[in-house]
Amino acid sequence: MTPTAHPVLTRPVPAALAVVAASLALGGATSWAQGLLPDALGSFANSPSGWTLLTVLLVAAVRPSLGGGAVLGVVSFVALVLGYTVASELRGLAYDPTFWGAVGVVAGPVVGAAAAAMVGRRVVPAALGAGALAGVLVADGVYGLTVVGETTSPVYWVLCLIAAAALAGGTARHLRTPTAVAAVLGTAAAATAVLSLGYGVLNAAY
C-alpha cells in the first residue's frame with residue numbers, strides 16, 4: 001500500500017495560495033467587522049485571539065506537516081494583517097501593519113505548528129498544540145477581563161475562557177493517556193504565563 005502524503009507536501013503552492021487568499025479576505029473582513037459586530041462580540045475583530053483562531057482554522061484546513069504548518073502560520077498571520085491594512089485604508093483609516101506583521105512572524109510558526117499538530121496523528125504533539133492554543137485563549141480572556149474590561153464587553157472574553165477549557169478538556173479526554181493530559185495542561189499553563197507576561201511588557205511600552 002502506498003502511504004498518502006500530506007497535501008501541503010504534495011501540493012505546496014496551491015495550499016499556500018489558498019491560505020494566503022483566505023487570510024487576506026478574512027483580514028479585510030475583520031476591519032469591516034469592527035463596526036458591524038455587536039458589542040458583545042466586537043473584541044473578536046480586534047484581539048490577538050481572533051487572528052490566532054483564524055490562522056489555526058486556515059492552517060488546519062490544509063492538514064500540513066509540522067514544518068509546513070509553521071511556514072503557513074507565518075504566511076496566514078501576515079496575510080491577515082495585510083488584508084486588514086488594505087481594508088482599513090479603503091475605509092479611510094490609516095493603519096501601520098509593521099508591529100502586528102512582526103508579531104505574526106514571531107508567533108506564526110508556533111500557532112501554525114500547533115494547528116498542524118492538532119490535526120495530526122501523533123498524540124504528544126497534538127496535546128502540546130492544543131495546550132498552546134488554549135493558553136492563547138486564556139491569556140487573552142484574562143487580559144480582556146482585567147485590563148480592558150471597563151471599555152469592552154465581557155462576553156467575548158468569557159467565551160475565550162470557555163473555549164480554552166473546552167479545547168484543553170476535550171483534547172485531554174480524547175487522547176486519554178496521562179502523558180497527553182499532562183502535556184495539555186502544562187503547555188496551557190506555560191503559554192498563559194508567557195503571553196500574560198508579554199501583554200504586560202507591551203502595556204508598559206505603549
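Reader: How far apart are the end C-alpha atoms of helix α2, and what span should its 22 residues give?
Author: In this predicted model, the ends of α2 (residues 12–33) lie 31 Å apart. At 1.5 Å a residue the helix should span 32 Å, so the two agree. The expected span is 1.5 Å times one less than the number of residues. Helices are DSSP runs of H or I, at least four residues, numbered from the N terminus.

Reader: Which α2 residues are buried?
Author: Ala15, Val19, Ser23, Gly27, Gly28, Thr30, Ser31 and Ala33. Buried means under 20% relative accessible area, with a 1.4 Å probe and protein chains only.

Reader: Switching topic. How do α3 and α4 cross?
Author: The axes of α3 (residues 48–61) and α4 (residues 66–90) come within 9 Å and cross at roughly 130°. That makes α3 oblique to α4. Oblique is what remains after under 35 degrees (roughly parallel), over 145 (roughly antiparallel) and 65 to 115 (roughly perpendicular). Axes are lines fitted to C-alpha atoms over the stretch in contact, with angles from 0 to 180 degrees between N-to-C directions.

Reader: Left-handed or right-handed?
Author: The crossing of α3 and α4 is right-handed.

Reader: And Thr171, buried or exposed?
Author: Thr171 is buried, at 13% relative accessible area. Thr171 sits in α7 (residues 154–175).

Reader: What does Thr171 touch?
Author: Ala126, Ala127, Ala130, Ala166 and Val184, leaving out residues up to four places away in sequence. Contact means heavy atoms within 4.5 Å.

Reader: What are the ground rules?
Author: Numbering starts from 1 along each chain as its sequence is written, and side-chain values use heavy atoms, without hydrogens or water. Local features need pLDDT of at least 70, side-chain atom pairs count only at 80 or more, and totals for chains, interfaces and linings use all residues.

Methods. Helices (H or I, at least four residues) and strands (E, at least two) are DSSP runs, numbered from the N terminus. A crossing is left-handed if the near helix is turned anticlockwise from the far one by less than a right angle, and right-handed if clockwise. Buried means under 20% relative accessible area, exposed over 50%, partly exposed in between (1.4 Å probe, protein chains only).
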